[in-house]
Amino acid sequence: MADQGIFDEKNKIGEQVIDSSPSELDQGIVKDWDGEEPAVRRKIDFIIIPILAAAFFALQMDRGNISAVLTSTITKDLNITTNQINVGSQLLSAGIVLSEIPSNIIMQRIGPRVWLSGQLFAWGLVATFQAFVQSYPAYLVTRILLGFCEGGFIPGALYYLSTWYKKEETSVRTSLFFYGQMFASATASLISAGLLQLSGTHGMEGWRWIFLVQGLMTLFIAIVFTLLVPPSAGDGRALITFGRWSYFTERESHIIRNRVLLNDPLKAKGHIQISGADIWQTVKQPRIMQHVLLTLVSMSGFSGLTQYTPSMIKALGFGAVKANALASVPVYCSMIWLIALSLAADKTRHRGPFVLLAITWNVISYACLRTSNTHASLWHRYGVIAIANISYCSMHILNVGWLSFYCRTPQERSVAMALVIMAANCAGISGSQIFRTSDAPKYLHGLTAICSLAGASWVIALVLCVQYYFRRQKAVPSDGVDAKA
């Protein structure tokens with residue numbers, strides 16, 4: 001039986017069985033449409049996903065541009081080493097981790113539009129003023145402030161996104177949302193390559209231009225996001241409309257709300273309150289913590305590699321501008337790889353095997369990078385680096401969709417998303433120290449470390465797949481959910 005069948009038969013949630021007639025659904029919520037749903041869903045896709053992806057673009061651009069900055073003169077200008085730059089990256093990740101769950105609690109109280117918009121403006125200001133730091137302590141302060149402001153945005157946006165879609169529609173939409181991050185990683189490298197050529201203009205170094213221009217871009221995106229994002233599922237009265245019109249007709253709003261409620265009646269609760277008990281109930285579930293561990297291990301290797309990819313390419317003999325441009329190529333390729341895996345996951349209604357496939361690519365490509373011939377041609381060595389980056393963070397994105405599908409309540413989904421994103425940022429803390437100054441330019445110890453981490457994450461993913469398989473075979477709910485890999 002496919003994933004959808006798990007929820008079609010009885011919609012089991014924990015020990016509670018929600019039929020499609022009594023309790024939550026006896027308030028006139030019935031399916032009174034036929035053939036209209038695909039068009040409505042496409043309309044949601046074209047409105048919601050681009051707005052959220054644009055915000056994610058801004059987030060990744062501001063926290064990921066340090067890889068391009070490293071190819072400039074920041075270490076010389078601030079009289080620091082790359083190891084000290086790594087400390088700044090760790091502080092950013094630490095700030096995100098510390099503010100992740102508090103941010104989601106606040107968002108549930110005041111609503112996604114207000115909170116997510118405020119976050120965009122806050123980190124946009126911090127990102128912009130990074131351009132004017134004159135000392136190492138000032139650099140560290142801006143990095144941890146950036147983390148505090150960004151913390152909770154990704155799980156908050158994922159929760160908001162989930163309120164618009166059925167469970168079986170989430171894998172592809174989650175991937176499309178993460179396209180904002182991937183497009184930023186690729187495009188920001190190209191933007192940075194151009195901005196580095198402004199070095200010396202108006203007395204500002206290239207890395208200052210990167211921080212300044214990309215920070216201002218975030219503030220512009222924050223304005224657009226605030227004006228265009230709808231307040232809640234089915235309510236299309238964005239701020240720019242002044243309440244005079246809506247993205248959706250009354251009929252479309254009716255279908256949007258009810259199709260989701262028929263699929264998951266607990267979404268009828270709207271804004272939810274997250275208590276300490278909700279957090280503890282989520283944390284103590286082994287199934288959820290295994291997904292969190294998978295992200296922590298796999299993303300540690302990924303974050304270490306991607307931060308130093310432009311530097312590794314530059315070490316081959318390319319200039320800073322060309323190195324950043326070349327670093328964008330594998331990320332664009334990874335967007336095709338990810339959507340192929342996501343479509344296959346939704347088509348087959350299996351998630352785990354595709355997470356395992358993404359990690360398998362990492363295991364093989366990292367090993368090839370570690371053992372590549374240093375005497376090979378320039379473009380051969382670049383090709384190996386590019387192949388190692390093609391899978392990018394697809395294992396993490398697919399894992400997020402895998403976990404989200406099996407969350408039983410809105411509270412659990414909100415906390416679980418926060419935990420898995422916290423794990424990704426904890427991975428940023430550990431990953432930032434994998435590639436050390438003393439290991440440059442070959443980074444053999446760092447490459448050995450990411451190979452080991454990829455292998456460990458493969459084992460964790462395999463164990464999860466096997467566990468879900470046997471739970472399905474027994475046809476007995478485990479941890480409150482009928483599971484299927």
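At roughly what angle do the axes of α5 and helix α8 cross, and within what distance do they come? I am working from a predicted model. The axes cross at roughly 40° and come within 8 Å. Helix α8 covers residues 153-162.

**Entry: α5 and α8**

I classed the angle next. Roughly parallel needs an angle under 35 degrees. At roughly 40°, α5 is therefore oblique to α8. I noted the hand as well: α5 passes α8 in a right-handed crossing. Then I listed the contact residues. From α5 I wrote down E100, N104, M107 and Q108. From α8 I wrote down F153, P155, G156 and Y159. By class, I have four nonpolar, three polar and one charged residues in this contact.

**Entry: α5 and α6**

I stayed with α5 and turned to α6. Their axes come within 7 Å. The crossing angle is roughly 135°. The roughly antiparallel class starts over 145 degrees, so α5 and α6 are oblique to each other. On the α5 side, I found S103, I106, M107 and I110 in the contact. On the α6 side, I found P112, V114, W115, L116 and Q119.

**Entry: α6 and α10**

What is the crossing angle of helix α6 and helix α10? I read roughly 165°, with the axes coming within 8 Å. Helix α6 spans residues 112-129, and helix α10 spans residues 206-228. The angle is over 145 degrees, which means α6 is roughly antiparallel to α10. The crossing of α6 past α10 is left-handed.

α6 gives R113, L116, S117, L120, F121, W123, G124, L125, A127 and T128. α10 gives F211, L212, G215, L216, T218, L219, A222, I223, F225 and T226. I sorted these residues into 13 nonpolar, six polar and one charged.

**Entry: two loop residues with positive phi**

I looked up N79. Phi is near 55° for N79, a positive value in a residue other than glycine. N79 sits in the loop between α4 (74-77) and α5 (82-110). Is N79 buried or exposed? N79 is exposed, at a relative accessible area of 70%.

H202 came next. Phi of H202 is near 55°, again positive in a residue other than glycine. I placed H202 in the loop between α9 (170-195) and α10. Relative accessibility is 70% for H202, so I logged this residue as exposed.

**Entry: R251 and E252 on α11**

I moved to helix α11, residues 250-263, where I found E252. R251 is in helix α11 too.

E252 first. Its relative accessibility is 18%. The buried class runs under 20%, so E252 counts as buried. Which backbone atom lies 2.9 Å from a polar atom of the E252 side chain? I found the backbone nitrogen of T249. Leaving out residues up to four places away in sequence, E252 touches V40, K43 and Y247.

Then R251. I read 34% relative accessibility, which puts R251 in the partly exposed class. With residues up to four places away not counted, R251 touches D32, W33 and E36. R251 and G147 are 104 residues apart along the chain, and their C-alpha atoms are separated by 41 Å.

Is V415 buried or exposed? V415 is buried, with a relative accessible area of 2%. I set aside neighbours within four places in sequence and found V415 in contact with I274, I279 and T282. L296 lies 119 residues from V415 in sequence. C-alpha to C-alpha, V415 and L296 are 16 Å apart in space.

Definitions and conventions. Residues are numbered from 1 along each chain as its sequence is written. This is a predicted model: local features need pLDDT of at least 70, side-chain atom pairs count only at pLDDT 80 or more; totals for chains, interfaces and linings use all residues. Side-chain values use heavy atoms; hydrogens and water are left out. Axes are lines fitted to C-alpha atoms, for helices over the stretch in contact, and angles run from 0 to 180 degrees between N-to-C directions. Helices (H or I, at least four residues) and strands (E, at least two) are DSSP runs, numbered from the N terminus. Angles under 35 degrees count as roughly parallel, over 145 as roughly antiparallel, 65 to 115 as roughly perpendicular and the rest as oblique. A crossing is left-handed if the near helix is turned anticlockwise from the far one by less than a right angle, and right-handed if clockwise. Contact means heavy atoms within 4.5 Å. Ala, Val, Leu, Ile, Met, Phe, Trp, Tyr, Cys and Pro count as nonpolar, Asp, Glu, Lys and Arg as charged, and the others, Gly among them, as polar. Buried means under 20% relative accessible area, exposed over 50%, partly exposed in between (1.4 Å probe, protein chains only). A polar contact is a pair of N or O atoms within 3.5 Å; within protein, one must be able to donate a hydrogen and the other to accept it, and residues adjacent in sequence count only if both atoms are side-chain atoms.
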